[in-house]
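Thanks for coming, everyone. I'd like to take a few minutes to walk you through a model, so please have a look at it first.

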Amino acid sequence: MADYVASIDQGTTSTRFMVFDHSGNEVGKHQLEHAQILPQAGWVEHDPIEIWERPNSVIQTGLSRTGLEHSDLAALGITNQRETAVVWNRHTGRPYYNAIVWQDTRTDRIASALERDGRGDVIRHKAGLPPATYFSAGKVQWILENVDGVREAAEAGDAVFGNTDCWLLWNLTGGKDGGVHVTDVTNASRTMLMDLQTLDWDDELLSFFSIPREMLPQIRPSSDPNLYGTTRPGGAFGGEVPISGDLGDQQAATVGQVCFAPGEAKNTYGTGNFMLLNTGEELVRSNAGLLTTVAYQFGAAKPIYALEGSIAVTGSAVKWLRDQLGIISGAGQVESLAAQVQDTGGMYFVPAFSGLFAPYWRSDARGAIVGMSRFNTGAHLARATLEAICYQSRDVSEAMEKDSGVHLEVLKVDGGVTANDLCMQLQADILGVPVSKPVVAETTALGSAYAAGLAVGFWKDTDELRANWNEDKRWTPQWSDEQRENGFAGWHKAVQRTLDWVDVD
């Protein structure tokens, strides 16, 4: 058998290609950013053609740097930004419109209408999700209603839909020349269209959005011994590689953090923050503002479910400091700037740029910086930005404890922001529990590689994967209980100032 497994991680701001060995160690990687298209306030788009071109570039460079060929790879896994919707022509391969990104809020009227007339409760029960701008179905409805010719093409069977995993799988396996139109249960669970119990598209949910069933991909397990397909011989790999793993990015990180037992949780720090708690084969419905989702499904085994707290803006708030305000020239500088002060000087920053996700689900909220005086500086704002990442995660952690009864003893963390020591120390201080980072911080890519490798026998079982996990660093709380609770109370006052800012019909 070949000695390595590869992963394509198609994220919100970049695409990376990574190669791992049997011990789960990184052998090589390459990463490229892609453009963020912002046509108007609240709208966020990506160019699907660029999204497809990026994997080709990172694969070729990644293989070249490692000296590997397609024959050295036992399997390929894909992981992706979830909920970002692409609609394209199955015969030409051309997208009808830009990909509408998960952060986009143009569908707020669609979501509000669902909530008003009671259909929202049906969506919650069947799909485990609240009606929100976050999820894919409203984005597809918007394209069908607002882009000329797409409704007719969909009804004729020409227009198809998928999240970005589906778009990549279709292109990798041949595109208009025989590409497979498939997705996995984790991505399907983020659409508002799949019944969590049957793991199939639901006709009633489809009717809510007027989406023809023919547009939708086949739903498959996250780790599939039957394979989704193989890469086409003339593609970036230069030959055929089995594609056997597919997971939405946060579910992939859950697998990469080996959270295979009920009660185990992880928090990923990227463009947004996403905390998942494994609930096993039990489908736990949230009463505290969380999502019920599929964590993963390996082969013919029963699906494993999770509670998830999704936060829209965390790492992207740091990029806002860089790109829009210009107070830092690189994301890495936020730590040194924030470290110039001992606290925020009473300032709070609530980055509700896309409304507030879990546990509030308020599309009418908008970002706010409160508690300022002339004393405050850019350093205080930088520190308030890091604290906002951590306070939002505490909101989710407390909601998770209410729903599950599980109190976190330690929080496993991963993602790019975990390189920021000050932010991780603040997270331990604000949560009041230790924070632990693994040696391989890019657990999203690792998780999709694990799913792919399990499917083809590269790894025997999840016990082998557990043996690969090793702690790199741990942060322990340093704040007093009084400091922690006073800070959290101030955060909640700041959140209240963001609400009812936008009128939603």
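I'll go through some strands and a sheet, then a few helices, and end with the cysteines.

A word on ground rules: this is a predicted model, where local features need pLDDT of at least 70 and side-chain atom pairs count only at pLDDT 80 or more, while totals for chains, interfaces and linings use all residues. Residues are numbered from 1 along each chain as its sequence is written, and side-chain values use heavy atoms, with hydrogens and water left out. When I say helix or strand, I mean DSSP runs numbered from the N terminus: H or I of at least four residues for helices, E of at least two for strands.

Let's start with strand 5, residues 73–80. Here 8 of the 8 residues are buried, so strand 5 is largely enclosed by the rest of the structure. Buried means under 20% relative accessible area, with exposed over 50% and partly exposed in between, using a 1.4 Å probe and protein chains only.

Which strands does strand 5 pair with? Strand 1 (residues 4–10) runs parallel to strand 5 and is joined to it by 7 bridges, with Y4 standing opposite L73. Strand 14 (residues 242–248) also runs parallel to strand 5, through 5 bridges, and there G77 has G245 as its bridge partner. For pairing, DSSP has to find at least two bridges between the two strands.

Now to an open sheet of 7 strands, with mixed pairing and the order 17-18-16-15-21-22-23. Strand 17 (291–296) and strand 23 (471–475) are at the edges with a single partner strand each, so one side of each has no neighbour in the sheet. On average, neighbouring strands here are turned by 30 degrees against each other, ignoring direction. Contact, by the way, means heavy atoms within 4.5 Å.

How do helix 12 and helix 16 pack? Helix 12 (residues 378–404) meets helix 16 (residues 481–496) at an angle of about 95 degrees, with the axes 11 Å apart. The two helices are therefore roughly perpendicular, a label used for 65 to 115 degrees; under 35 is roughly parallel, over 145 roughly antiparallel, and the rest oblique. Axes are lines fitted to C-alpha atoms, for helices over the stretch in contact, and angles between N-to-C directions run from 0 to 180 degrees. Among the contact residues are Y391 and R394 of helix 12, and F488 and W491 of helix 16.

In helix 6 (residues 164–172), 9 of the 9 residues are buried, so helix 6 is largely enclosed by the rest of the structure. After helix 6 comes G174, with a positive phi near 130 degrees. Helix 9 (residues 249–256) is mostly covered, with 8 of its 8 residues buried, and V258, which follows helix 9, has a positive phi near 50 degrees.

Finally, the cysteines. There are 0 disulfides in the structure, where a disulfide is a pair of cysteine sulfur atoms within 2.5 Å.
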